[in-house]
Amino acid sequence: MIREFYQIPLRDRNSFGVEQHAARLVEFENDDDLRAVFAAGVPARWTVLGGGNNILFTADYDGLLLTPVSQEITPIEDDGMEVRLRVEAGVEWDTLVEKCVEEGLWGLENLSLIPGKAGAAPVQNIGAYGCEAGEAIRRVHYYDTATGRSETLEAARCAFGYRESIFKHALKGRAIITSIEVVLTRTPRPRLGYGDLEREVAARGGATLRNIRDAVCAIRRAKLPDPAERGNAGSFFKNPVVETAAAEALKARYPDLPRYPAAGGRVKLAAGWLIERAGLKGHREGRVGVHERQALVLVNLGGASGGEVIALARKVQQRVEEQFGIRIETEVNLL
Ligand code: EPU
């Protein structure tokens, strides 16, 4: 079943809470719905709008937005140790994480409280506290707008990387994810290596699934603004990945520069740290600002337009580049 809207206000459909409109929006449940929507041809401009948690509408959208609303989580395999679930694209990601924790299934607990829908998780391979969704995702089911066919992609072919996947490249503007399959395990496998996590978990009495989830939620709530109170889309920028030599050169100038090993022998730097050192943490311009507890996050202080947010983002990029010679790229999808 589809539901269709025209000239629809988007304020309640994007976590930044910007006041833009879309020409048309269709809520869909499955592949057949999508087939019906595209029967008359593929419109010139369309995109998927899940929970709107990683998107910034910089202006009104003159095309078609597609929103998945299917809600099922279905067990499809259980060998006593490993469990495979099929999760429809419209399921709230954190609903899935809570269900897994409740049922004693390990794998997603570090990804607690990440806002957004399950269908969006593979696109930017959401990650936090040393884990990425791509490690648990086994398959992705999608509707291919170029052929009108339903397709399945194995995880190995999804090209998962740091906030990266094939859905941001070869399949961008083509695939609409309808469901994902995730594999969880009943064997405890706590991953506590990141930052304060180990300490927070110990303070709660040890590495149970529930304690890890509670610890991650507490750390996130302490650092990240609640979109219900202050519009935002989580990290606005990606952490830059640079060559070792560049990281070493910066380290010589800034001895406390945080550095993390990245794929291909490169080094990941902390964009939040760079922005803070550029003097912009807590910086405000009219109705937008850089969050005062996590500089990677830009916030809508109330009533801001997408244009105001992007203007601040450009300024942040410019200041970081001037000071450190590093270009930080946006993590949020700009429309
Ligand atoms: N830092 C600062 N100032 C800041 C922010 C961070 O100095 O304002 C420093 C911290 O002290 C730390 C380092 O930068 O040394 C890393 O900070 P943090 O652990 O807070 O993580 P992050 O790299 O800033 C990433 C993700 C977050 C995720 C956390 C935890 C990206 C773009 N962001 O942030 O993801 O929750 O790690 O794993 O990779 C999101 O994608 O929306 C998101 C919130």
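Welcome to the tour. Start by selecting Trp46: with a relative accessibility of 14%, this residue counts as buried, because anything under 20% falls in that class. Keep in mind as you go that the model is predicted.

**Stop 1: the partner of Trp46**

By the ring-pairing rule, the count of aromatic pairs comes to 11. Phe38 and Trp46 make an edge-to-face pair, because their planes stand at 70° with the ring centres 5.9 Å apart, and planes over 60 degrees apart are classed that way.

**Stop 2: two tyrosines**

Next, select Tyr129 and Tyr194. Their rings form an edge-to-face pair, with 90° between the planes and 5.5 Å from centre to centre. Where do Tyr129 and Tyr194 lie? Tyr129 is in the loop between strand E8 (127-128) and strand E9 (131-132), while Tyr194 is in the loop between strand E12 (175-185) and helix H3 (197-203), so this pair ties together parts that are 65 residues apart in sequence. Colour by accessibility if you like: Tyr129 counts as buried at 13%, whereas Tyr194 is partly exposed at 39%.

**Stop 3: a cluster, and charges over rings**

Select Phe16, Phe236 and Phe237 together to see one aromatic cluster. Then go to Phe5, where Arg13 lies over the face of the ring, 5.1 Å from its centre. For another such arrangement, show Tyr162 and Lys268: the charged end of Lys268 sits over the Tyr162 ring, at 3.7 Å from the centre.

**Stop 4: around the ligand**

Tyr162 leads on to the ligand, as one of the closest residues in a surrounding set of 24.

Gln294 places a polar side-chain atom 3.0 Å from an oxygen of the ligand, and for Glu331 the distance from a side-chain N or O atom to a ligand oxygen is 3.4 Å. On its own the ligand has 820 Å² of accessible area, and the protein covers 83% of that.

**Last stop: the shell**

Switch to a cartoon view and pick out helix H4 (209-223), strand E13 (231-235) and helix H6 (271-277), each of which supplies at least two residues of the ligand's shell. H6 gives the most, with three residues. Finally, colour the shell by residue type: 12 are nonpolar, five polar and seven charged.

How values were computed:
Residues are numbered from 1 along each chain as its sequence is written. This is a predicted model: local features need pLDDT of at least 70, side-chain atom pairs count only at pLDDT 80 or more; totals for chains, interfaces and linings use all residues. Side-chain values use heavy atoms; hydrogens and water are left out. Rings of Phe, Tyr and Trp (its six-membered ring) pair if their centres lie within 6.5 Å; planes under 30 degrees apart count as stacked, over 60 as edge-to-face and the rest as tilted. Buried means under 20% relative accessible area, exposed over 50%, partly exposed in between (1.4 Å probe, protein chains only). Helices (H or I, at least four residues) and strands (E, at least two) are DSSP runs, numbered from the N terminus. A charge sits over a ring if NZ of Lys or CZ of Arg is within 6 Å of the ring centre and within 35 degrees of the ring normal. A residue is near a molecule or strand if one of its heavy atoms lies within 4 Å of it. A polar contact is a pair of N or O atoms within 3.5 Å; within protein, one must be able to donate a hydrogen and the other to accept it, and residues adjacent in sequence count only if both atoms are side-chain atoms. Accessible areas come from the Shrake-Rupley method with a 1.4 Å probe; for residues, only the protein chains shown count as cover. Ala, Val, Leu, Ile, Met, Phe, Trp, Tyr, Cys and Pro count as nonpolar, Asp, Glu, Lys and Arg as charged, and the others, Gly among them, as polar.
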